[in-house]
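Hi,

Here is the structure I promised to pass on.

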Amino acid sequence: MEFIDYENYAEINGSNMKVFGELFVDNNVMKGSNDYDIWYEGYSKLEFKTKLMFKTQTAITNNAVNVAELQDMNGNSIRISQINVILTNKNDSTSANINLTYSTAAKGYSLSTAGLKLGEYTLSGSTLGLATNCNVIDGNLKIIDIVLSSKGVTKVYGTSNKLIINLVDNNGNALAGESIKVVLSNGVTKNIKTNSKGQATLAIDLAPGQYSAKISFNGKQATSKILVKRATPKLVAAKKVFKRTLKIKQYTVTLKNNLGKAMKNTNVVLKVCGKTFKAKTNSKGQATFKITKLTKKGVFNAKVAYAGNKYYNAKTVSTKITLR
């Protein structure tokens, strides 16, 4: 049995290598109508043209990063069992010589940055003779550390204040386009990306109360506090003059939240001359009291009150009602 390879050339299709050539089998080897399994175990060395391309990229300390890719003459990714990597520190010219084994899990030649100084490195190396006609293209690796921080946020319910998270490297440079995980103490989890300034913002749509946010990125963690205060509504109760002979005197007040939005279906109370009247706001936030059994002529102090709830503080305003 003999395999004749055409021009030592291989084509990669997905994860399978197609080697061009012909397989010649002696008739004495395979007789009859039996089925036979035939497979190709590959070269011990790649002799066709290849290029080993070291990548130019930034990596975070104490992480692993794929540093190189081996390609055929058509730019298809291929692999050999090992490559050699030479890292040279641009600052002090020290170098490290490392052999990296291809990692199927990492889908590449994975280099750990643990133990390497922060800074910039040139990357070069070889195929350790496993690809004999290989062009090596150098690359650059910048190793950084990160600083993850947030000052927390205090806001009034309903306002647009946001939690701001900052992500920079050890030189203070913003890290844009990175995904940061935020877990709030109420169980909500969010993944948000940093903008060009290295900031990730999270809208806080929470009921009044105290919360914490656990923030994490690439092994770094930070904790931030969130305080949401109850809002104070706006209650308008204008002075009003009535004819004392009017049997039912209708007095209207308006209740809106801190953003000027009508608070509907909300109870309010009017107290005047020792009497108490109750009313409920409509869709416009207006509540109309029907004042009865108030016939004495004069100017009377009145108070209109909203009791508040878990979102809004109580609110009381004073006004005057005049009977003529």
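**Notes on the tyrosines and the fold**

Tyr-312 is buried, at 11% relative accessible area (buried is under 20%, exposed over 50%, partly exposed in between, with a 1.4 Å probe and protein chains only). Before you read on: this is a predicted model, where local features need pLDDT of at least 70 and side-chain atom pairs pLDDT 80 or more, while totals for chains, interfaces and linings use all residues. Residues are numbered from 1 along each chain as its sequence is written, and side-chain values use heavy atoms, leaving out hydrogens and water.

The whole structure has three aromatic pairs (Phe, Tyr or Trp rings, six-membered ring for Trp, with centres within 6.5 Å; planes under 30 degrees apart are stacked, over 60 edge-to-face, the rest tilted). One of them is Tyr-102 with Tyr-109, edge-to-face because the planes sit at 80°, with centres 5.2 Å apart. Tyr-109 is buried at 1%, whereas Tyr-102 is partly exposed at 23%.

Tyr-157 and Tyr-312 also pair edge-to-face, at 5.9 Å between centres and 85° between planes. That pair links distant parts of the chain, 155 residues apart: Tyr-157 is in the loop between β15 (153-156) and β16 (162-169), Tyr-312 in the loop between β28 (298-306) and β29 (315-323). Tyr-157 is partly exposed at 21%. Ring pairs join Tyr-157, Tyr-311 and Tyr-312 into a cluster.

As for the fold, the protein chain has 29 strands and zero helices (DSSP runs numbered from the N terminus: E of at least two residues for strands, H or I of at least four for helices). Of its 324 residues, 32% are buried.

Cheers
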